[in-house]
Amino acid sequence: MRASRSLALATLLMAGSALLPARAADPVFATPAVLPSGWIVTVKGNLKVGPSYPGSDDLSFFGYPSLSFRRAGTPERFSAPDDGLSFSFLEDSAVRVGVVGRFQGGRYLEDNRELFGLKKIDWAVEPGLFLEYWPVEFLRARAEIRRGFNGHEGFVADLGLDVVQRFGAVTLSAGPRLSLGDDTFTRTYFGVTPLEAALNGQVAAYKPSGGITSVGATAAASYDWSEQWSTTAYVTYERLVGDAADSPIVERFGSENQVGLGLSVSYSFGVGR
């Protein structure tokens, strides 16, 4: 497991959220949490457990901080726990468009000794674009398309729909997910070259094609303890499908079922005038 390597990169990526602009009023959260200052700074600690690499049946722990700003008097816009980090350049009450980024962990022999002979895959960063739309105040649709750098050089996309309801201090959200990847992405994580097959001896050569890689769902529950403190717990589930699910790496060493659990704690405070 390369948790320390993943932690370092995730920390750098999450720190980029400090560049986010002030967020506009959200259709769901009409009442802002106003602190006596010009800006509200939110510091968040995140802990996640999930597959060690795409297709793995082993779990790894990841921890990372994040930081964001917004103007006092404006609410914090809803964000699902599996959203990429977003910077919007077009934003109103129903539509957001902007840039997004995600971090993808690598695959290393230390994660599973049965991977002997298979190529190491380094961590990757995935910058791209996102579109978010609220057709009604309790329903959010979001699409992301991103391009990988370093660990993989492919294009990926994530589509999601969330039903969001707030009951006093509690916010509940849940909805389906659909992920896609091109040939380059699927061959990086799920393909096996003839040389790798010969060296490993347990898997056959395999050349997958791009398309839908997984379907699943995400559910989250947040509680605002005060204007300053809040916590969020969530669960994600992905079912690998298509050529990703048929990969001998998944069938021999991993699982089609990918489950993740997470917990975050946020503290907000006011600065400036």
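Mentor: Let us begin with burial: a residue is buried under 20% relative accessible area, exposed over 50% and partly exposed in between, using a 1.4 Å probe and protein chains only. Helices (H or I, at least four residues) and strands (E, at least two) are DSSP runs, numbered from the N terminus. This is a predicted model, in which local features need pLDDT of at least 70 and side-chain atom pairs count only at pLDDT 80 or more, whereas totals for chains, interfaces and linings use all residues. Residues are numbered from 1 along each chain as its sequence is written, and side-chain values use heavy atoms, with hydrogens and water left out.

Trainee: Which residues are buried in helix H2?

Mentor: In H2, which spans residues 183-190, the buried residues are Phe-185, Thr-186, Tyr-189 and Phe-190. They lie on the same side of H2 because they cover an arc of only 90° around the axis, the arc being that of the directions from the helix axis to the C-beta atoms.

Trainee: What caps the N-terminal end of H2?

Mentor: Asp-182 does, with a side-chain oxygen 3.2 Å from the backbone nitrogen of Thr-184.

Trainee: Which residues make up the largest nonpolar core?

Mentor: A nonpolar core is a set of buried Ala, Val, Leu, Ile, Met, Phe, Trp, Tyr and Cys residues joined through side-chain atoms within 4.5 Å. The largest one here has 10 residues, namely Ile-121, Ala-124, Val-156, Phe-185, Tyr-189, Phe-190, Leu-240, Ala-244, Ala-245 and Val-250. H2 and helix H4 (242-245) are the elements that give two or more residues to this core, and H2 gives the most, with 3 residues.

Trainee: Which residues form the nonpolar patch on the surface?

Mentor: Patches are made of residues with over 30% relative accessible area and no salt bridge, with like charges joined within 9 Å and nonpolar side chains (Val, Leu, Ile, Met, Phe, Trp, Tyr) within 5 Å. Accessible areas come from the Shrake-Rupley method with a 1.4 Å probe, and for residues only the protein chains shown count as cover. Here the patch consists of Phe-87, Phe-89, Leu-90, Val-99, Leu-129, Ile-145 and Phe-155, which together have about 670 Å² of accessible area. Strand S3 (residues 85-91) provides the largest share, 3 residues; Leu-90 lies in this strand and is partly exposed, at a relative accessible area of 48%.

Trainee: How many salt bridges does the structure hold?

Mentor: A salt bridge is a side-chain nitrogen of Lys or Arg within 4 Å of a carboxyl oxygen of Asp or Glu, and the structure holds 19 of them. In one of these, the side chains of Glu-132 and Arg-77 meet at 3.7 Å, N to O. Glu-132 lies in strand S5 (residues 124-136) and Arg-77 in the loop between strand S2 (59-71) and S3, so the pair ties together parts that are 55 residues apart in sequence. Glu-132 is buried at 0% relative accessibility, and Arg-77 is buried at 3%. Glu-132 also forms a salt bridge with Arg-140, the closest N and O atoms being 3.2 Å apart; Arg-140 is found in strand S6 (residues 139-147) and counts as buried at 1% relative accessibility.

Trainee: Where does Asn-150 lie, and is Asn-150 buried or partly exposed?

Mentor: Asn-150 lies in strand S7 (residues 149-150) and is partly exposed, with a relative accessible area of 42%. Although Asn-150 is not a glycine, its phi is positive, about 90°.

Definitions and conventions. Polar contact = N/O pair within 3.5 Å; in protein donor to acceptor, adjacent residues only side chain to side chain.
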